[in-house]
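Visitor: I'm new to this one. Can you put it up and take me through a few places in it?

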Amino acid sequence: MTETIHDLVEPVRRLPNDPEEPPTDGVAVCLSGGGYRAMLFHTGVLWRLCETRWLLQVDRISTVSGGSLTAAVLAIAWQSLTEADDPRRRFSELVVEPLRALASRTIDRSSVVSGLLSPFSTVGEQLEAELRKHLLGDAKLADLPRSPVFVFNATNTGSGKLVRFSRAGVADWRVGRVADPGLRLSAAVAASSAFPPFLSPYRLDLSEADWIDDEGNDLTGAEYRDELALTDGGVYDNLGLETAWKRCRTMFVADAGGILEPEPAPAKDWAQHMVRVTQVLDHQVRSLRKRQVLDSFRQGSRTGAYVGIRSDITKFPAAKLLAAPFDDTTELAGIKTRLKELSSRDQERLINWGYAAADAGLRSHIDPGASPPAEYPYSGGVSSTGDQR
(Lines give C-alpha, C1' and ligand atoms only; values in the text may rest on other atoms or scores of the structure.)
Protein backbone atom coordinates (compact mmCIF):
# COMPACT_ATOMS: atom_id res chain seq x y z
CA MET A 1 0.00 0.00 0.00
CA THR A 2 1.50 3.33 -1.09
CA GLU A 3 1.27 6.31 1.25
CA THR A 4 0.44 9.73 -0.17
CA ILE A 5 1.28 13.17 1.20
CA HIS A 6 -2.32 13.37 2.43
CA ASP A 7 -1.85 10.14 4.40
CA LEU A 8 1.28 11.49 6.06
CA VAL A 9 -0.49 14.54 7.51
CA GLU A 10 -3.43 12.53 8.88
CA PRO A 11 -3.42 11.87 12.66
CA VAL A 12 -3.67 8.09 12.10
CA ARG A 13 -1.95 5.73 9.66
CA ARG A 14 -3.72 3.51 7.17
CA LEU A 15 -3.56 -0.22 7.77
CA PRO A 16 -3.48 -3.05 5.18
CA ASN A 17 -7.18 -3.89 5.60
CA ASP A 18 -8.46 -0.30 5.74
CA PRO A 19 -10.70 1.05 2.97
CA GLU A 20 -8.85 2.92 0.23
CA GLU A 21 -11.16 5.94 0.25
CA PRO A 22 -11.87 8.28 3.19
CA PRO A 23 -15.32 8.01 4.79
CA THR A 24 -18.20 10.01 3.36
CA ASP A 25 -20.53 9.96 6.37
CA GLY A 26 -20.83 8.81 9.97
CA VAL A 27 -20.44 10.55 13.33
CA ALA A 28 -17.85 9.56 15.94
CA VAL A 29 -17.07 10.68 19.47
CA CYS A 30 -13.50 10.20 20.72
CA LEU A 31 -12.70 10.47 24.43
CA SER A 32 -9.14 10.83 25.70
CA GLY A 33 -7.43 9.48 28.77
CA GLY A 34 -6.64 11.34 31.98
CA GLY A 35 -7.83 9.35 35.01
CA TYR A 36 -10.82 10.61 37.01
CA ARG A 37 -10.18 14.11 35.64
CA ALA A 38 -10.95 12.86 32.14
CA MET A 39 -13.74 10.54 33.26
CA LEU A 40 -15.73 13.42 34.75
CA PHE A 41 -14.90 15.98 32.06
CA HIS A 42 -16.16 13.49 29.46
CA THR A 43 -19.26 12.88 31.56
CA GLY A 44 -20.12 16.54 31.09
CA VAL A 45 -19.30 16.35 27.38
CA LEU A 46 -21.66 13.42 26.84
CA TRP A 47 -24.35 15.01 29.01
CA ARG A 48 -24.50 18.03 26.70
CA LEU A 49 -24.45 15.84 23.57
CA CYS A 50 -27.27 13.76 25.06
CA GLU A 51 -29.31 16.84 25.90
CA THR A 52 -29.10 18.11 22.32
CA ARG A 53 -29.91 14.62 20.94
CA TRP A 54 -26.61 14.59 19.09
CA LEU A 55 -25.48 11.59 21.11
CA LEU A 56 -28.27 9.52 19.58
CA GLN A 57 -26.87 10.20 16.09
CA VAL A 58 -23.41 8.85 16.90
CA ASP A 59 -22.19 5.81 14.95
CA ARG A 60 -18.99 5.09 16.89
CA ILE A 61 -17.54 5.92 20.30
CA SER A 62 -13.79 5.32 20.60
CA THR A 63 -12.06 5.73 23.94
CA VAL A 64 -8.93 5.26 25.99
CA SER A 65 -8.20 5.18 29.73
CA GLY A 66 -10.35 7.66 31.69
CA GLY A 67 -12.60 8.07 28.66
CA SER A 68 -13.17 4.31 28.64
CA LEU A 69 -14.57 4.49 32.18
CA THR A 70 -17.17 7.02 31.04
CA ALA A 71 -18.02 5.21 27.82
CA ALA A 72 -18.41 1.82 29.53
CA VAL A 73 -21.13 3.17 31.83
CA LEU A 74 -22.81 4.87 28.86
CA ALA A 75 -22.75 1.57 26.95
CA ILE A 76 -24.43 -0.29 29.80
CA ALA A 77 -27.10 2.41 30.06
CA TRP A 78 -27.56 2.89 26.31
CA GLN A 79 -30.84 1.09 25.72
CA SER A 80 -32.58 2.63 28.72
CA LEU A 81 -31.22 6.04 27.77
CA THR A 82 -32.42 5.92 24.18
CA GLU A 83 -35.91 4.86 25.25
CA ALA A 84 -36.26 7.63 27.85
CA ASP A 85 -38.79 10.46 27.54
CA ASP A 86 -36.42 12.74 29.47
CA PRO A 87 -32.86 11.87 28.38
CA ARG A 88 -31.23 14.54 30.56
CA ARG A 89 -32.77 13.17 33.77
CA ARG A 90 -32.06 9.57 32.80
CA PHE A 91 -28.49 10.44 31.85
CA SER A 92 -27.98 11.81 35.34
CA GLU A 93 -29.41 8.66 36.94
CA LEU A 94 -27.84 6.03 34.69
CA VAL A 95 -24.47 7.57 33.80
CA VAL A 96 -23.56 10.48 36.06
CA GLU A 97 -24.43 8.96 39.42
CA PRO A 98 -22.44 5.71 38.98
CA LEU A 99 -19.40 7.64 37.74
CA ARG A 100 -19.56 10.10 40.61
CA ALA A 101 -19.81 7.20 43.05
CA LEU A 102 -16.61 5.76 41.58
CA ALA A 103 -14.89 9.17 41.68
CA SER A 104 -15.59 9.20 45.44
CA ARG A 105 -13.26 6.20 45.84
CA THR A 106 -9.51 5.82 45.44
CA ILE A 107 -8.93 2.61 43.51
CA ASP A 108 -5.46 2.97 42.01
CA ARG A 109 -3.51 2.83 45.29
CA SER A 110 -5.44 -0.16 46.65
CA SER A 111 -5.03 -2.00 43.34
CA VAL A 112 -1.26 -1.47 43.38
CA VAL A 113 -0.83 -2.49 47.02
CA SER A 114 -3.06 -5.56 46.75
CA GLY A 115 -1.49 -6.63 43.47
CA LEU A 116 2.05 -6.32 44.78
CA LEU A 117 1.33 -8.15 48.05
CA SER A 118 -0.89 -10.92 46.70
CA PRO A 119 0.74 -14.09 45.34
CA PHE A 120 -2.47 -14.95 43.51
CA SER A 121 -3.29 -11.82 41.49
CA THR A 122 -1.61 -8.96 39.64
CA VAL A 123 -2.11 -5.21 39.90
CA GLY A 124 -4.13 -5.33 36.68
CA GLU A 125 -6.41 -8.04 38.04
CA GLN A 126 -6.95 -6.02 41.20
CA LEU A 127 -7.88 -2.95 39.12
CA GLU A 128 -10.35 -5.03 37.14
CA ALA A 129 -11.85 -6.37 40.38
CA GLU A 130 -12.35 -2.80 41.64
CA LEU A 131 -14.05 -1.77 38.41
CA ARG A 132 -16.23 -4.87 38.42
CA LYS A 133 -17.26 -4.33 42.04
CA HIS A 134 -17.88 -0.59 42.00
CA LEU A 135 -18.88 0.27 38.41
CA LEU A 136 -19.38 -2.37 35.71
CA GLY A 137 -20.56 -5.57 37.37
CA ASP A 138 -20.45 -8.67 35.21
CA ALA A 139 -21.27 -6.93 31.90
CA LYS A 140 -19.49 -8.52 28.94
CA LEU A 141 -18.32 -7.27 25.58
CA ALA A 142 -21.18 -9.26 24.06
CA ASP A 143 -23.60 -7.06 26.02
CA LEU A 144 -22.45 -3.86 24.27
CA PRO A 145 -24.98 -2.21 21.92
CA ARG A 146 -24.83 -3.11 18.24
CA SER A 147 -25.14 0.58 17.47
CA PRO A 148 -23.33 2.76 18.14
CA VAL A 149 -20.13 0.76 18.03
CA PHE A 150 -18.20 1.17 21.28
CA VAL A 151 -14.44 0.62 21.01
CA PHE A 152 -12.18 0.51 24.07
CA ASN A 153 -8.52 0.85 23.15
CA ALA A 154 -5.45 -0.48 24.94
CA THR A 155 -1.80 -0.62 23.84
CA ASN A 156 -0.20 -3.99 23.15
CA THR A 157 3.40 -3.74 24.36
CA GLY A 158 4.22 -6.91 22.41
CA SER A 159 3.20 -5.65 18.97
CA GLY A 160 3.55 -1.95 19.78
CA LYS A 161 0.05 -1.37 18.34
CA LEU A 162 -3.49 -0.81 19.56
CA VAL A 163 -5.64 -3.62 20.85
CA ARG A 164 -9.30 -2.89 20.22
CA PHE A 165 -12.06 -4.28 22.45
CA SER A 166 -15.60 -4.13 21.05
CA ARG A 167 -18.75 -6.22 20.77
CA ALA A 168 -17.03 -8.04 17.91
CA GLY A 169 -14.20 -9.16 20.19
CA VAL A 170 -10.50 -8.34 20.54
CA ALA A 171 -8.24 -7.31 17.66
CA ASP A 172 -4.67 -6.18 16.95
CA TRP A 173 -3.97 -5.62 13.27
CA ARG A 174 -0.56 -7.30 13.48
CA VAL A 175 -1.51 -10.17 15.79
CA GLY A 176 -5.02 -11.08 14.63
CA ARG A 177 -8.43 -11.09 16.21
CA VAL A 178 -10.60 -13.16 18.51
CA ALA A 179 -14.32 -13.02 17.79
CA ASP A 180 -16.62 -12.76 20.81
CA PRO A 181 -14.27 -14.11 23.48
CA GLY A 182 -16.83 -13.64 26.25
CA LEU A 183 -14.58 -11.18 28.03
CA ARG A 184 -15.97 -9.01 30.80
CA LEU A 185 -16.26 -5.32 30.01
CA SER A 186 -14.26 -4.64 33.17
CA ALA A 187 -11.27 -6.44 31.62
CA ALA A 188 -11.37 -4.22 28.54
CA VAL A 189 -11.62 -1.06 30.63
CA ALA A 190 -8.89 -2.19 33.05
CA ALA A 191 -6.57 -2.83 30.09
CA SER A 192 -7.44 0.53 28.54
CA SER A 193 -6.81 2.25 31.90
CA ALA A 194 -3.60 0.45 32.90
CA PHE A 195 -1.65 3.69 33.33
CA PRO A 196 2.12 3.07 33.48
CA PRO A 197 4.13 2.36 35.45
CA PHE A 198 2.08 1.30 38.47
CA LEU A 199 -1.12 -0.07 36.87
CA SER A 200 0.67 -1.59 33.89
CA PRO A 201 0.76 -4.14 32.37
CA TYR A 202 -2.65 -5.78 32.31
CA ARG A 203 -2.03 -9.39 31.29
CA LEU A 204 -4.77 -10.93 29.16
CA ASP A 205 -4.69 -14.72 28.80
CA LEU A 206 -5.92 -15.74 25.34
CA SER A 207 -4.08 -19.06 25.15
CA GLU A 208 -7.35 -20.97 24.68
CA ALA A 209 -8.86 -18.50 22.23
CA ASP A 210 -9.58 -19.21 18.56
CA TRP A 211 -7.59 -16.62 16.62
CA ILE A 212 -8.67 -15.40 13.19
CA ASP A 213 -6.06 -14.35 10.65
CA ASP A 214 -6.60 -11.23 8.56
CA GLU A 215 -4.57 -9.42 5.91
CA GLY A 216 -1.51 -7.80 7.45
CA ASN A 217 -1.19 -10.15 10.43
CA ASP A 218 2.51 -10.97 10.77
CA LEU A 219 2.84 -11.67 14.50
CA THR A 220 0.77 -14.84 14.69
CA GLY A 221 2.96 -17.10 16.82
CA ALA A 222 2.01 -18.31 20.27
CA GLU A 223 4.53 -15.90 21.80
CA TYR A 224 2.34 -13.02 20.61
CA ARG A 225 -1.09 -14.60 21.04
CA ASP A 226 -1.14 -16.67 24.22
CA GLU A 227 -0.84 -13.72 26.59
CA LEU A 228 -1.12 -10.04 25.75
CA ALA A 229 0.78 -7.57 27.95
CA LEU A 230 -1.40 -4.47 27.71
CA THR A 231 -0.97 -0.92 28.91
CA ASP A 232 -3.02 2.27 28.80
CA GLY A 233 -4.51 2.98 25.37
CA GLY A 234 -3.27 6.54 25.65
CA VAL A 235 0.32 5.36 25.32
CA TYR A 236 -0.38 4.73 21.63
CA ASP A 237 -3.28 7.09 20.89
CA ASN A 238 -4.40 9.33 23.75
CA LEU A 239 -7.30 10.80 21.76
CA GLY A 240 -8.77 7.44 20.76
CA LEU A 241 -8.74 8.48 17.12
CA GLU A 242 -7.49 5.49 15.19
CA THR A 243 -10.57 3.27 15.32
CA ALA A 244 -12.93 6.14 14.41
CA TRP A 245 -11.06 8.50 12.09
CA LYS A 246 -11.03 6.12 9.12
CA ARG A 247 -14.73 5.29 9.43
CA CYS A 248 -16.51 8.55 10.22
CA ARG A 249 -16.38 11.95 8.57
CA THR A 250 -17.81 13.99 11.46
CA MET A 251 -15.65 13.83 14.58
CA PHE A 252 -16.26 15.17 18.07
CA VAL A 253 -12.94 14.90 19.90
CA ALA A 254 -12.77 15.58 23.64
CA ASP A 255 -9.29 15.87 25.15
CA ALA A 256 -8.77 15.84 28.91
CA GLY A 257 -5.19 14.61 28.78
CA GLY A 258 -2.37 15.86 30.96
CA ILE A 259 0.27 18.42 30.12
CA LEU A 260 4.04 18.45 30.47
CA GLU A 261 5.01 20.97 33.14
CA PRO A 262 8.46 22.61 33.15
CA GLU A 263 11.01 20.92 35.42
CA PRO A 264 13.66 23.31 36.79
CA ALA A 265 15.80 20.51 38.23
CA PRO A 266 15.50 17.34 36.14
CA ALA A 267 16.58 14.18 37.95
CA LYS A 268 20.15 13.06 37.28
CA ASP A 269 19.77 9.35 38.07
CA TRP A 270 19.10 7.30 34.94
CA ALA A 271 15.76 5.80 36.07
CA GLN A 272 14.00 9.06 36.94
CA HIS A 273 15.64 10.89 34.05
CA MET A 274 14.31 8.24 31.65
CA VAL A 275 10.82 8.80 33.03
CA ARG A 276 11.17 12.50 32.21
CA VAL A 277 12.46 11.73 28.72
CA THR A 278 9.49 9.44 28.13
CA GLN A 279 7.13 12.19 29.28
CA VAL A 280 8.69 14.62 26.78
CA LEU A 281 8.30 12.10 23.94
CA ASP A 282 4.69 11.42 24.92
CA HIS A 283 3.89 15.14 25.07
CA GLN A 284 5.31 15.73 21.60
CA VAL A 285 3.30 12.88 20.07
CA ARG A 286 0.09 14.11 21.67
CA SER A 287 0.69 17.68 20.53
CA LEU A 288 1.36 16.55 16.96
CA ARG A 289 -1.79 14.45 16.83
CA LYS A 290 -3.88 17.35 18.12
CA ARG A 291 -2.44 19.70 15.46
CA GLN A 292 -3.17 17.16 12.74
CA VAL A 293 -6.78 16.84 13.90
CA LEU A 294 -7.27 20.61 13.82
CA ASP A 295 -5.56 20.89 10.42
CA SER A 296 -7.87 18.20 9.03
CA PHE A 297 -10.88 20.23 10.17
CA ARG A 298 -9.47 23.40 8.58
CA GLN A 299 -8.66 21.63 5.30
CA GLY A 300 -12.06 19.94 5.11
CA SER A 301 -10.98 16.29 5.07
CA ARG A 302 -13.10 15.96 8.22
CA THR A 303 -15.80 18.04 9.84
CA GLY A 304 -16.28 18.33 13.55
CA ALA A 305 -14.99 19.85 16.74
CA TYR A 306 -12.07 19.47 19.11
CA VAL A 307 -12.60 20.55 22.72
CA GLY A 308 -9.88 20.34 25.31
CA ILE A 309 -9.83 20.62 29.06
CA ARG A 310 -7.38 23.51 28.49
CA SER A 311 -9.52 25.25 25.87
CA ASP A 312 -10.51 28.89 26.31
CA ILE A 313 -14.11 28.84 25.13
CA THR A 314 -14.31 32.62 25.00
CA LYS A 315 -12.47 32.18 21.68
CA PHE A 316 -15.22 29.95 20.23
CA PRO A 317 -17.60 31.80 17.89
CA ALA A 318 -20.94 30.53 19.26
CA ALA A 319 -23.12 33.02 21.12
CA LYS A 320 -24.46 32.74 24.68
CA LEU A 321 -21.76 30.39 25.95
CA LEU A 322 -21.75 29.42 29.61
CA ALA A 323 -19.36 31.40 31.80
CA ALA A 324 -16.13 29.44 32.22
CA PRO A 325 -13.31 31.66 33.52
CA PHE A 326 -10.00 30.47 32.13
CA ASP A 327 -8.25 30.58 35.50
CA ASP A 328 -10.83 28.20 36.97
CA THR A 329 -10.75 25.77 34.05
CA THR A 330 -6.95 25.80 34.03
CA GLU A 331 -7.03 24.82 37.70
CA LEU A 332 -9.29 21.88 36.86
CA ALA A 333 -6.96 20.83 34.03
CA GLY A 334 -4.16 20.58 36.58
CA ILE A 335 -5.82 17.81 38.62
CA LYS A 336 -3.45 14.84 38.58
CA THR A 337 -3.98 11.82 36.36
CA ARG A 338 -5.07 9.44 39.09
CA LEU A 339 -7.94 7.16 40.00
CA LYS A 340 -8.00 8.98 43.32
CA GLU A 341 -11.01 10.26 45.25
CA LEU A 342 -12.16 13.74 44.25
CA SER A 343 -14.25 16.06 46.36
CA SER A 344 -17.93 16.45 45.51
CA ARG A 345 -17.34 20.05 44.43
CA ASP A 346 -14.44 19.15 42.12
CA GLN A 347 -16.59 16.41 40.58
CA GLU A 348 -19.33 18.94 39.84
CA ARG A 349 -16.84 21.46 38.46
CA LEU A 350 -15.29 18.93 36.07
CA ILE A 351 -18.69 17.78 34.83
CA ASN A 352 -19.83 21.39 34.40
CA TRP A 353 -16.64 22.22 32.51
CA GLY A 354 -17.04 19.29 30.11
CA TYR A 355 -20.66 20.31 29.56
CA ALA A 356 -19.70 23.92 28.76
CA ALA A 357 -16.81 22.89 26.49
CA ALA A 358 -19.01 20.45 24.57
CA ASP A 359 -21.66 23.12 24.09
CA ALA A 360 -19.05 25.55 22.76
CA GLY A 361 -17.63 23.02 20.32
CA LEU A 362 -20.99 21.70 19.17
CA ARG A 363 -22.64 25.07 18.50
CA SER A 364 -19.50 26.64 17.04
CA HIS A 365 -18.45 23.91 14.61
CA ILE A 366 -21.12 21.23 14.14
CA ASP A 367 -24.64 22.49 14.88
CA PRO A 368 -24.87 26.30 15.01
CA GLY A 369 -28.65 26.09 15.21
CA ALA A 370 -28.71 24.20 18.50
CA SER A 371 -30.29 26.09 21.40
CA PRO A 372 -27.87 27.31 24.07
CA PRO A 373 -28.20 25.73 27.52
CA ALA A 374 -30.08 27.67 30.17
CA GLU A 375 -27.68 26.73 32.96
CA TYR A 376 -25.01 24.34 34.13
CA PRO A 377 -25.96 20.85 35.35
CA TYR A 378 -24.73 21.88 38.81
CA SER A 379 -24.98 25.32 40.38
CA GLY A 380 -21.78 27.29 40.79
CA GLY A 381 -20.34 26.66 37.33
CA VAL A 382 -16.64 25.85 37.26
CA SER A 383 -15.56 28.01 40.18
CA SER A 384 -14.16 26.33 43.29
CA THR A 385 -16.18 28.74 45.41
CA GLY A 386 -19.46 28.03 43.65
CA ASP A 387 -19.60 31.61 42.39
CA GLN A 388 -20.39 31.63 38.65
CA ARG A 389 -19.24 35.24 38.26
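Visitor: Leaving aside neighbours within four places in sequence, which residues is Thr329 in contact with?

Guide: Thr329 is in contact with Ile309, Ser311, Ala324, Trp353 and Val382. Contact means heavy atoms within 4.5 Å. Before going on: this is a predicted model, where local features need pLDDT of at least 70 and side-chain atom pairs count only at pLDDT 80 or more, while totals for chains, interfaces and linings use all residues. Residues are numbered from 1 along each chain as its sequence is written, and side-chain values use heavy atoms, with hydrogens and water left out.

Visitor: Where does Thr329 lie, and is it buried or exposed?

Guide: Thr329 lies in helix H12, residues 326–333. Helices (H or I, at least four residues) and strands (E, at least two) are DSSP runs, numbered from the N terminus. Thr329 is buried, at a relative accessible area of 1%. Buried means under 20% relative accessible area, exposed over 50%, and partly exposed in between, with a 1.4 Å probe and protein chains only.

Visitor: What does the side chain of Thr329 reach?

Guide: The backbone oxygen of Phe326, at 3.1 Å. As for Asp312, 17 residues away along the chain, its C-alpha atom is 8.4 Å from that of Thr329.

Visitor: Switching to Thr250. Which strand is that in?

Guide: Thr250 is in strand S10, residues 250–255. Thr250 has a relative accessible area of 17%, so it counts as buried.

Visitor: Which side chain does the side chain of Thr250 make a polar contact with?

Guide: That of Thr303, at 3.0 Å. A polar contact is a pair of N or O atoms within 3.5 Å; within protein, one must be able to donate a hydrogen and the other to accept it, and residues adjacent in sequence count only if both atoms are side-chain atoms. Not counting residues up to four places away in sequence, Thr250 touches Gly26, Val27, Ala28, Thr303, Gly304 and Ile366.

Visitor: How many cavities of 30 Å³ or more are there?

Guide: Two. On a 1 Å grid over the protein atoms alone, a cavity is a set of points where a 1.4 Å probe fits but cannot get out; a pocket is an open set with protein on both sides within 12 Å along at least five of seven lines, and lining residues have an atom within 4 Å of a point. Grid points are joined across faces, edges and corners, and a volume is the space filled by probe spheres set on the points. The largest cavity has a volume of about 60 Å³.

Visitor: What lines the largest cavity?

Guide: Its lining includes Thr250, Val27 and Ile366. Strand S1 (27–31) and S10 each supply at least two residues of that lining.

Visitor: And the second largest pocket, what is its volume?

Guide: About 620 Å³. The second largest pocket is lined by 25 residues, with Asp255, Lys290, Tyr306, Gly308 and Ser311 nearest its centre. Helix H11 (270–299) and strand S11 (303–308) are the elements giving two or more residues to this lining. The largest share, seven residues, comes from H11.

Visitor: Last one: how many residues of H13 are buried?

Guide: 19 of the 22, so H13 is largely enclosed by the rest of the structure.
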